[in-house]
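I opened this notebook to keep track of what I looked up, one topic at a time.

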Amino acid sequence: MFLTLPSILEKWPCQWSSGASGRRASPSFNAGEAVTALELLQRERECGSITTFSSQLDHALKGGLPVGKVTEICGAPGVGKTHLCLQLSVDIQIPRSFGGLEAQVIFMDTEGSFVLQRVVDIAAAVVRHFSLLAVDGEQKDTMQTFNMESILSNIFLVRCHDYVELQAELLLLPDFLRDKPRVRLLVIDSVAFPFRQHLDDLSQRTRLLQGLAQQVISMATRHNIAVVITNQMTTRLQDSQSHLVPALGEIWGHASTTRIILQWEGSQQVAAIVKSPCCIDTAIQYQITSEGFRDANQPEITLTNRR
Amino acid sequence: MVGLQEGMCPGLDGGLLRSLLAADVKTVEDLVSSDLEEVAQKCSVSYKALYAIRRVLLAQHTAFPVSGADLYDELLSSTAIISTGNPSLDKLLDSGLYTGEVTELSGGPGSGKSQVCFGVAVHVSHQLKQRVIYIDTTGGLTASRLLEMLQSETSDRDEQMEALQRIHVFRLFDAYSLRDRLSTLRSGGLLQASGGGSVKAVIVDSVSAVISPLLGGKQNEGMSLMIQAALALKTMAKDFGVAVLVTNHVTRGGRGEVQPGLGASWSHIPRSRILLERTDRAPSGCSSTLRSATLIKSSRQPCLIKEELDLQWWSRSERRSSGKRKRDEADS
């Protein structure tokens, strides 16, 4: 397509972008069209959700992590953010005959925290769990193919070293998603690490992050994938008291649809839902075992006053 | 400056528009101020047709003085106050959202802006049986939550589905598509988008999510986009008599005080602004559905009045609508 300069000047940038992305967009979603809330409801029901293997967290999230939405997981080092991401990367592959999504995952690792050995452990536990559950013939058949090798081959790992690489990768992602239509989960672990270094201008960082947020949100909606972003914590001084709050500033907090904060409370690990359009704010206990992310042993739900 | 568009007035069809654009006549201003004879020659159209178009355009785009008395009559006949469904919010807004005005909700993450938007959408579509246009820029609209709110309003499944069908959702994720969508809605698309029914509320959740990434830095494109979107919202509110509800994020000022985002230019756009915050003192046990709402700009009420707001209000279990339902039955 050749155009002269005046006709280019007459076009708005969005016409370009819609022209360029129109071919890529998946047929299920057309950006400019109005849908009624009823159609949206049906779409949401078709999408399903990803189980976390913690029944309490699943219950609090009304069935698991929503597909087509952006979820942010915040927490201090070592509290289990990456672990939950790894667990989700395996869980999304649960075969359809067991009520799973049987999909693939892209894992964007910025911290170098993707430890293959842990994935193997988690995957082994999941395979064991479902081979015990398999009763009818169909389920036994799927267990033939649902094994360690298939699980590992359905995880695509991207290692990004700084924020430029992360942004470049996100720009290329729509093409990747077109080639691999079975991808239903995008994990960015973590967004805080690349953006907390090499960026001196804070207002520029905020703008970059907001742009990234919009990009990720539109990808989640257009391609109907679940996006999980992890974030670090930082301290804020308020009334001469220090609070642990999610990093990257307050405006970044608007990026995610659901926000989960993982934290230690005494010797207990607690996951708190602090922002969600559909669930009330709750806190549940969990633990990290050698098999992965699980409920805490004592199933009492503690409601804590967090703020 | 209004760009020339096809179908703006009778006689201005696609062919003429293209030849006008080729003759470098792009806006209404260009056409009105140009030498018509010259343009007629250039575009090889009749002078008469162009003259007629110019007269229509002048009539459409000229401001005429209106007397206060007429304005008051119009106000009485055309303004409606749309209840948000929540008594404390209604109290802050002097009984609800006014049609023809832009109302803004601002607040930090998890302060309940989207919940209020959902509540208003459900209330308008279910109780008032009016159509709602919901522009979602953050992907936060969750239809299952809307359904949940409706389920606490009525147990009739058909009614729930009807109410959901009256909510029309646009999901736009950048400022250009927001601006374009708003201008098509303004120039008549509002009626088309809703399938012919009357729209009483337009909700944009959130304006800041798409606009603030473009603000700041050395470009001022973001500023111009913001003002164009704002203008579209304001004229749409006036021309179609709809209530516009927008959400905004918050920033912290120099002394750590919370203020709505998007800067000073935007602050003139909404007629009423409400700041939502989490309440600090929360009784243990049920920590977090209470929010404090502060009125920070209003032309009717004294500013800085505070109200406590329960986000659970829209999905509370005990029903007061049994009386209301009886009244509905009596009406029908």
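In what order do the strands of the open sheet of chain A run? I found 9 strands in the order 6-5-7-8-4-11-12-13-14, with mixed pairing, where two strands pair if DSSP finds at least two bridges between them, and where strands (E, at least two residues) and helices (H or I, at least four) are DSSP runs numbered from the N terminus. I noted that this is a predicted model, in which local features need pLDDT of at least 70 and side-chain atom pairs count only at pLDDT 80 or more, while totals for chains, interfaces and linings use all residues. Residues are numbered from 1 along each chain as its sequence is written, chains are lettered from A and ligands numbered from 1 in the order in which they are written, and side-chain values use heavy atoms, with hydrogens and water left out.

I looked up the edges next: strand 6 (155-159) and strand 14 (292-295) of chain A each pair on one side only. Within the sheet, strand 5 (residues 104-109) and strand 7 (residues 183-189) of chain A pair in the parallel sense over 6 bridges, and F107(A) has V187(A) of strand 7 as its bridge partner.

I then turned to two helices of chain A, and recorded that helix 9 (residues 163-179) and helix 11 (residues 202-222) pack at an angle of about 20°, with their axes 11 Å apart; axes are lines fitted to C-alpha atoms, for helices over the stretch in contact, and angles run from 0 to 180 degrees between N-to-C directions. That makes helix 9 of chain A roughly parallel to helix 11 of chain A, a term for angles under 35 degrees.

Methods: Parallel < 35°, antiparallel > 145°, perpendicular 65-115°, else oblique.
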